[in-house]
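Please read them with the coordinates open.

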Amino acid sequence: MMTDLDGLRTAIRNDTDAELSPKWLEWALIASLVYTVVLHLVDVVLLILLTPRVLRGRQWARITLTAYLVIATYFSLYSASKGGMFLWAVIPTDILHVIMIGLLWIPPSTRRFFASHWSHRRPPDEQRSESPSPQNR
């Protein structure tokens, strides 16, 4: 968005029903840019927080990251539907999102990795019930 301010101005004009004054158009442009920067910073923070936990085998992080990627893909496609000027960024990032979702769930090695970490993290009560008690020996 920051590289094509004229395209963004055109998209804002086309998306509003009323004719915006130049002052309001510039305000809408700045608001769009601030929103975009803040949103993408939140995206980066989420990825920085979730990725190490996924790599440690945390199932909740895997599910959260998947949900984030699905939502991010949906909204990037929504943004692309508002104007074709961002397709150069939307298409590769959405392809990357789909690949990441696939890598989180499809490969058998990934499923085994999360299954092995899940079995080590069961509550102690469940682990105790599987081992024979001294009274039953």
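1. Rings of Phe, Tyr and Trp (its six-membered ring) are paired here if their centres lie within 6.5 Å, and a pair is edge-to-face if the planes are over 60 degrees apart. The model is a predicted one, and a search of the whole structure gives two aromatic pairs. Y74 and F75 make an edge-to-face pair, with 5.0 Å centre to centre and 75° between the planes. F113 and F114 make an edge-to-face pair too, at 5.2 Å and 85°.

2. How accessible are these rings? Y74 is exposed because its relative accessibility of 52% is over the 50% cut-off. F75 is partly exposed at 46%. In the other pair, F113 is partly exposed, with a relative accessible area of 29%, whereas F114 is buried at 4%.

3. Which residues make up the largest nonpolar core? There are nine: L50, V54, A61, L65, Y68, L69, A72, L104 and F114. Helix 2 (22-55) and helix 3 (59-82) are the elements that give two or more residues to this core. Helix 3 has the largest share, with five residues.

4. Helix 2 has 34 residues, and at 1.5 Å a residue they should span 50 Å; the end C-alpha atoms are 49 Å apart, so the two values agree. The buried residues of helix 2 are L25, A28, L29, L33, T36, D43, L50 and V54. L50 and V54 also belong to the core in point 3.

5. Just after helix 2, G57 has a positive phi of about 85°. Further along, A61 touches L50, R53 and V54, leaving out residues up to four places away in sequence. A61, L50 and V54 are all listed in the largest nonpolar core.

6. The T66 side chain makes a polar contact of 2.6 Å with the side chain of W105. Apart from neighbours within four places in sequence, T66 is in contact with I101, L104 and W105.

7. An unreviewed UniProt entry lists residues 27-51, 63-80 and 86-106 under "transmembrane region". In the model, residues 63-80 are 100% helix and 0% strand, with end C-alpha atoms 26 Å apart. Residues 86-106 are 90% helix and 0% strand, and their end C-alpha atoms lie 30 Å apart.

How values were computed
Residues are numbered from 1 along each chain as its sequence is written. This is a predicted model: local features need pLDDT of at least 70, side-chain atom pairs count only at pLDDT 80 or more; totals for chains, interfaces and linings use all residues. Side-chain values use heavy atoms; hydrogens and water are left out. UniProt positions are given in the numbering used here, feature names are shortened, and annotations may be inferred rather than shown by experiment. Helices (H or I, at least four residues) and strands (E, at least two) are DSSP runs, numbered from the N terminus. A nonpolar core is a set of buried Ala, Val, Leu, Ile, Met, Phe, Trp, Tyr and Cys residues joined through side-chain atoms within 4.5 Å. Buried means under 20% relative accessible area, exposed over 50%, partly exposed in between (1.4 Å probe, protein chains only). Contact means heavy atoms within 4.5 Å. The expected span of a helix is 1.5 Å times one less than its number of residues. A polar contact is a pair of N or O atoms within 3.5 Å; within protein, one must be able to donate a hydrogen and the other to accept it, and residues adjacent in sequence count only if both atoms are side-chain atoms. Rings of Phe, Tyr and Trp (its six-membered ring) pair if their centres lie within 6.5 Å; planes under 30 degrees apart count as stacked, over 60 as edge-to-face and the rest as tilted.
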